[in-house]
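Here are my notes on the two-chain model, as promised. Have the viewer open while you read.

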Amino acid sequence: MDIFIVIPTFNEERHIKNVLKDVVKRKLPIIVVNDGSTDATAEILSPFTIHHSPFTILTHRVNLGKGAAMKTGAEAAFAFGADGVIFMDSDGQHKVSDLPKFVEALKKYDVVLGSRTLSHGVPLVRFLGNKFASMLIASLFGIYVSDLVCGYRAITKDAYEKVAWESSGYAVETEMVIKTAKYGLKYCEVPVETVYLDNVKGVTILDAFNILLDVFRWRLTK
Amino acid sequence: MIVVLQFLGVAFALAMVYFAMLNYRRGELNGVEIFFWFLIWAAAIVVIVFPDLLRTFSRTFLFARLFDLIVIGALLFVVVLASRAYIATKRMEKKLEKYVRSEALKDVKIKSK
């Protein structure tokens, strides 16, 4: 099974180098989607294409959002012949040591979702918000996922063709879960470790509110 | 007091006509659009100067006061405009996303052939 790693990134000059240094050790094909970064991210990425192969950089000329970057990365991977992709965040919060769990799980499941636990460094407020979201999705769509917004996840090509999300921002993870339930795809959760290096990035209260509106819209329209 | 409010209302409508003209000169509004904006603000000026013209309508639609009819009418107008702006923005977002993503994937399609 050919598995690609897809890493969407936006203004991650502080962390992207260390993330990629670890990921390239795994010898899996890597696609990084630079989602309109305005800092030095592009310059940091360039040398990796020379020293590591297969390593692909795709560039969005303007920032579209995480969901759009993931979609671009996934479509590129499947065009290159991938059978499945693993998505990782570029801020260094995901550990490369968890990658083998996804590779193994993808052999049996259509969708593999990373799941952080409180003991793995998730701030309490985020943990409680996440639990509330999980219960809301369970009651509205009949699927319970313990960590709804964890960006560490994997999907097979066949599943992607059904799930192909419309969200361009942070609602992508939630939409993926909802569509997993809708199409009756086989899914599992794998525990992952998380390191929070940057408190101001990631899903904000405003993002959470927008995701909530999307959830109600999906309930009414899908 | 009412005359002062009417004066402010007319001044506001004339300012909006001026802004509409500016947008037309910049090519941001076409001939049909500028015509409708003129029509809307001209109607607004007429209603501001001669509010009694609407009194018949307010009675017909069972509004207790003329002011209620104007407020509800304006609110409906704003809702229509907001929803149109929302749809237009969404449409633009989709087009932009499609274009930016296809540009990013251009080389991938060539390589994978």
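1. Ground rules. This is a predicted model, where local features need pLDDT of at least 70, side-chain atom pairs count only at pLDDT 80 or more, and totals for chains, interfaces and linings use all residues. Residues are numbered from 1 along each chain as its sequence is written, while chains are lettered from A and ligands numbered from 1 in the order in which they are written.

2. Chain B, overall. Chain B has four helices and zero strands, in the order α-α-α-α along the sequence (helices are DSSP runs of H or I with at least four residues, strands are runs of E with at least two, and both are numbered from the N terminus). Its radius of gyration is 22 Å, well over the 13 Å that the globule rule gives for 113 residues, so chain B is more spread out than a compact globule. (The radius is taken over C-alpha atoms, and the rule is 2.2 Å times the number of residues to the power 0.38.) Along the principal axes, the C-alpha atoms of chain B fill a box of roughly 75 × 35 × 25 Å.

3. Chain B, inside. The chain is divided into domain 1 (1-49) and domain 2 (52-113), with bounds from an automatic or database domain assignment. Of its 113 residues, 8% count as buried. Buried needs 20 or more other C-beta atoms within 10 Å of the residue's own, exposed means 12 or fewer, and partly exposed is in between, with C-beta atoms placed from the backbone.

4. Where the chains touch. Chain B puts nine residues into the contact and chain A 14 residues (two residues are in contact if their C-beta atoms, placed from the backbone, lie within 7 Å). On the chain B side, four are nonpolar, one is polar and four are charged.

5. The core. The largest nonpolar core has 63 residues, and those with the most contacts inside it are V6(A), I31(A), A77(A), V85(A) and I86(A). Helix α3 (residues 66-79) of chain A gives the largest share, seven residues. (Such a core is a set of buried Ala, Val, Leu, Ile, Met, Phe, Trp, Tyr and Cys residues joined through C-beta atoms within 7 Å.) Leaving aside neighbours within four places in sequence, the contacts of I31(A) include V6(A), G73(A) and A77(A).

6. V23(A). This residue lies in helix α1 of chain A and counts as buried because it has 23 C-beta neighbours inside 10 Å. Not counting residues up to four places away in sequence, V23(A) touches I5(A), I30(A) and V96(A).

7. Helix α2 of chain A. Which residues of α2 (residues 41-51) are buried? They are T41(A), L45(A) and F48(A). These three cover an arc of only 50° around the axis, which puts them on the same side of α2(A); the arc is that of the directions from the helix axis to the C-beta atoms. Exposed on the other side are E43(A), S46(A), P47(A), I50(A) and H51(A). The cover over the buried residues includes β1 (3-9), α1 (16-23), β2 (30-35) and β3 (55-60) of chain A.

8. Helix α7 of chain A. Here nine of the 11 residues (172-182) are buried, so this helix is mostly covered. E173(A), E175(A) and K179(A) are among the buried ones. The partners they pack against include α3, β5 (111-115) and α8 (205-221) of chain A. After α7(A) comes G184(A), with a positive phi near 60°.

Definitions and conventions: Ala, Val, Leu, Ile, Met, Phe, Trp, Tyr, Cys and Pro count as nonpolar, Asp, Glu, Lys and Arg as charged, and the others, Gly among them, as polar.
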